[in-house]
Amino acid sequence: MASVEEDFPRGGTAKKPTESKIVVQRTEVDNLFEVHLNSTFLSYFNVKEGMLMLGCVKEVTDFEVTVSLPCGLQGFLSIKNISDSYTKLLSEQLESDDTEEFCSLPHLFYPGMVLRCVVAKLDVTKGGSLSLKLSVNPKMVNKGLSPNALKTGMVLTGCVESVEDYGYIIDIGVTETKAFLPKTLKVGQYVISYVEEVKNNGRVVRLSIGAQTIAQALAESKQGWTLSNLLPGLLMKATIKKVTKHGLLLDFLSGFSGQVDCLHMEPEQASSYSEGDEMRASVLYVDPTTRLVGMSLRSHLLTPGSRVDLPPVDRIGEVVKGCKMTSLHHMSGAVLELPDKTAAFVHRNNLKEPSVAANENKVLAKLEHTCRIVDFSLIDQIHFATLRSSVIEKPFFRYQDIRAGQVVEGKVSVLLDHGMVVHISDHIKGLVPRTHLSDIVLKNPEKKYMEGMKVKCRVLSVDAENKKLCLTRKKAMVESSLPLFFSYLDARPGRVSHGYIVCIKSFGCIVRFYNNVKGLVSLGELSFEPIVSPEDVFYIGQVLKVKVLQCDPEREKLLLSFKAALEGDSEKPPRPQSECEVGEKVEARVLKKVVTGLEVAILPDETRAVLPTMHLSDHLSNCPLLWENLQVGDNISNLVCFNNNKQNINLTKKPTVRWSLEEGVVAKDFSEITVGMQLIGWIRNIMSYGVFVEFPYGLVGLAPKSAMTDKFITDPTVAFQLGQTVMAKVTNLDEEKRRFLVTLKISEVISPVGDVQTRLINGLQERRAVTKMLSMRDDSDLRRQLFALCVGQKLKLTVDTVDNGATFKSDDLVGATILANKQHITGTNLMGGQKVTAVILHVDIQSTWVHVSILPKLVAKKKSAQSTQTLLS
């Protein structure tokens, strides 16, 4: 084979022929070029800090720009690496509320925008891969330029440094040089400009950003370009020096050599390139250490400032069958032709599984391949794919592949204050919020979870666009077999599902499902037992079964019930109830007793209803006695319905509330409330700033602290109790928010149902009647004896113990607890076994306690027990 003389520099300035010429065979030249070309192709290990590259914006967020780089690489441009002036502006904005002149990254960059950038740093990620940190700071990109090197006709990049009266100063990164541009821009804005004039040895430069001028500008030898200041994106005329199946070797600027790999030749012209052809070419990247210059002949990079086209269809993650391999490039990879005739590149590392030995001949000989598209390189304008079966068979490759409600497995990555990060795959991670780490809130989650631990989660929501994935580890959610609500259309009335509490208010609980579908469980639907303070019963993150009562998908309104869900999980509509209108007088039978009230059946239709304990009487002290006296199967008369929301009927036996409903002294809706109106209600909630008063038909008003009593009090609990019957006067209306204020001051409210003395006597008579019933009902002789006692009656007792008060024994009241507190033994000298005379202060039949006093002034006082009995009879 004939030998030839050939100059083959490693990409820098071409060496002029000397006496010591390189003499090799042409086949060796081809091999040397191919090895050199492919050893750099798609390899992270050849990317070095300080390397200049042409990039194309892929994604833009508020703080970072994702940049597509040559050969399928990807880099990240931080908000801190734009320019010195932009960084200074950011610092000033942190100390000031004025953001008028501030432009965020989405205003400065856009997908498809071509950039000159430099590799600022190579970071190693936790998984061991390299992450390219980029910069477009002109001081780094144009580091090789000096004032003397600036020439008219150059195309430079820079960022707006400051706004002056006569235009804009552009930072082009050249020390001691002021570049001026008469255009309207923003500080920090990235610009491609044409050097129109250079003055004072490069210290003053006038720029232009005319698109047509820049597009036609070509780098020329007379501009004095060197390898140290050669910039990505420069256009020039180049001549093909060598053609191989892997790419081209070019000569340009009368002394430079550059290489074009297979991805940066125009596909339509790939087979027609010949040695000696002249064409326009663009610098793709510059590696100063290896003196390697990468070039591109692709049309989308031959017009500076133009937008690169985004892929028409998002195919990332798609599995494609029936692909044909059109070429295999040694040490770099292969090109596949997809069934739709589009091309995809497979890097050599993705031609096989990592554990399988390389066999390129076997891969090339296979007629058809199945691949998965893993990315699209904007700068290369080609899809990248993999032939690895382990990747192709993965159920989740992108965030778009995951759906809310799916059960997924992953590995614990890190525990944070607000939750736990779980990796579902190499590129997909999700957050398990702290409240979702377990069915109960974990105080020390680090004791349960460790890094690398495999966990099973259920997906709560997916935001594919922002790559956000929310997961739950709550067993009740992960293992639930009930229907899942992904939208309001799924939440049909009657359906039962698992949801978790995200908010607890005085009016009920907010429950969330999947994809942020949420609804309200009102106070009356929380339980069969009346609940006054939901925060005392429920907690944030609690998982419960809920039943849909009403749903309006258009308005995204959802009404739910915990109580109805306990009746069954079927999708049948709620059991119809007989009509029971508010104000209707009814009789009911006790079905079940709970601490907070009675579950009853309205006669004769056996309609379920609730009679809260606090609604057994106007006098709260009588309510526990009445509750104790009533037994399952007892009938209760003189009940009135005070609220019916179609799912829960609430009854009351409060005489004053019953009177207001019978006489129509009520407001049926907020629209009927007027300032000055007097209403009868009861204390629903006590807060530090006032008390909430509930009225029939579910209306609730607030009595501020200043309007609670005539005498100002700091602690509302001193004057009010939950369930206490009150008379209120409306003082203020907020029609927009449908709220109203009331006053409870006695001086401003007129009692419509008798005076205080009459109500007191009624309460005493009620107490006497219920205690009598309680004593007669119980088989205990002790309660009958206690009922026979009356306040003021004297007893002969024996001292039992003396401590902070005293206890006594009585031969007639065996089993009763007889006691006197410290104030009622003051001045006496008691000893165990001593005989004393005491006067009765109070008898509690429920607890069988008798409170007495041995103070001489009370014992000596003559009071007719008969008069008291007469009053109560």
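Select Lys593 and Trp627 to begin. In this predicted model, the charged end of Lys593 lies over the ring of Trp627, at 4.1 Å from the ring centre.

Next, turn to the aromatic pairs, of which the structure holds 10. Select Phe642 and Trp682: this pair is edge-to-face, with 4.9 Å from centre to centre and 75 degrees between the planes. Phe642 belongs to strand 36 (residues 635–644) and Trp682 to strand 38 (residues 678–687), so the pair links distant parts of the chain, 40 residues apart. Colour both by accessibility: Phe642 and Trp682 are buried.

Now move to Phe695 and Phe740. Their rings form a tilted pair, 6.0 Å centre to centre, with 35 degrees between the planes. Phe695 is in the loop between strand 39 (690–694) and strand 40 (700–704), whereas Phe740 is in strand 42 (residues 739–743); the pair therefore ties together parts 45 residues apart in sequence. Phe695 has a relative accessible area of 3% and is buried. Phe740 also counts as buried, because its relative accessibility is 4% and the cut-off is under 20%.

Is Tyr539 buried or partly exposed? Its relative accessibility is 33%, so Tyr539 counts as partly exposed.

How values were computed
Residues numbered from 1 in each chain as written. Predicted model: local features only at pLDDT ≥ 70, side-chain atom pairs only at ≥ 80, totals over all residues. Heavy atoms only, no water. Buried < 20%, exposed > 50% of the residue type's maximum accessible area, 1.4 Å probe, protein only. Phe/Tyr/Trp six-rings, centres within 6.5 Å; stacked < 30°, edge-to-face > 60°. Helix = DSSP H or I, 4+ residues; strand = E, 2+ residues; numbered from the N terminus. Lys NZ or Arg CZ within 6 Å of the ring centre and 35° of its normal.
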